[in-house]
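Subject: Structure for your files

Hello,

Here is the structure I said I would pass on. My notes on it follow below.

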Amino acid sequence: STMSAVDPANYSYQPSSSSLPTSLIRTITLGDEEVETNLILQLFSDRIFISITQLSGKVGSLLLCNVEESIVDNSTTYNVRTLLGTGVSSRGGGGGGEREVSMREVLVRRLAERIVIHTRKMAGVSETTILGGAEDGTGPIAPLLVGVGLKPGGSNLSVESFNVLVDAAMELYQDGWKMSHAGGMVGMEGPD
């Protein structure tokens, strides 16, 4: 049998639209200084990725949150860990590193909590009902991967700015969720 050679100059790969993540981008301004903050959402079949950055498109630190539910004691556990980045700023050697890490972890956990509540609502149950996840230990939501890149001093976010970030990220997630569950490429032009 002979193999036909593919001419690389005339070959182009076109991925199936079903294999591409639902992707949305939004820009908000934050705080009195009106710091431009970019929010990026990508909903993959097995992951949720959200980037919150003020660093010209840089991801910043990458955190992962896995959510587990127990039907035994009706509890929900949020495991947040930093995958990339230490959280300790190399500039201005103050003691703000620990606080910055804590703020990022709280931000990721708050997002995960809100996404779990949204998932429960979409499943038609109350906000506190345990969905149980699958027998393989997966939780009520896909693992949540969050890139947090805030300008130095980001741990000094006001409560108001923190809540604006969480609300904006959640609104983006809900819009992406609607798109991915609409049964088609809503608002997207397909080939004629």
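Among contacts (heavy atoms within 4.5 Å) in the protein chain between residues at least 6 apart in sequence, 63% join residues at least 24 apart. Please keep in mind that this is a predicted model: local features need pLDDT of at least 70, side-chain atom pairs count only at pLDDT 80 or more, and totals for chains, interfaces and linings use all residues. Residues are numbered from 1 along each chain as its sequence is written, and side-chain values use heavy atoms, with hydrogens and water left out.

The protein chain has 2 helices and 6 strands, in the order β-β-β-β-β-α-β-α along the sequence. Helices (H or I, at least four residues) and strands (E, at least two) are DSSP runs, numbered from the N terminus.

Of the 192 residues, 32% count as buried, meaning under 20% relative accessible area (1.4 Å probe, protein chains only).

The largest nonpolar core has 33 residues; such a core is a set of buried Ala, Val, Leu, Ile, Met, Phe, Trp, Tyr and Cys residues joined through side-chain atoms within 4.5 Å. Helix H2 (159-180) is among the elements that each supply at least two of its residues, and H2 gives the most, with 8. Ile115 is one of the residues with the most contacts inside the core. Leaving out residues up to four places away in sequence, Ile115 touches Ile48, Ile50, Ile141, Leu144, Met170 and Tyr173.

S4 and S5 form a hairpin with 4 residues between them, and Asn74 in the turn has a positive phi of about 55°.

Regards

Technical notes. Buried < 20%, exposed > 50% of the residue type's maximum accessible area, 1.4 Å probe, protein only. Pairing = 2+ DSSP bridges.
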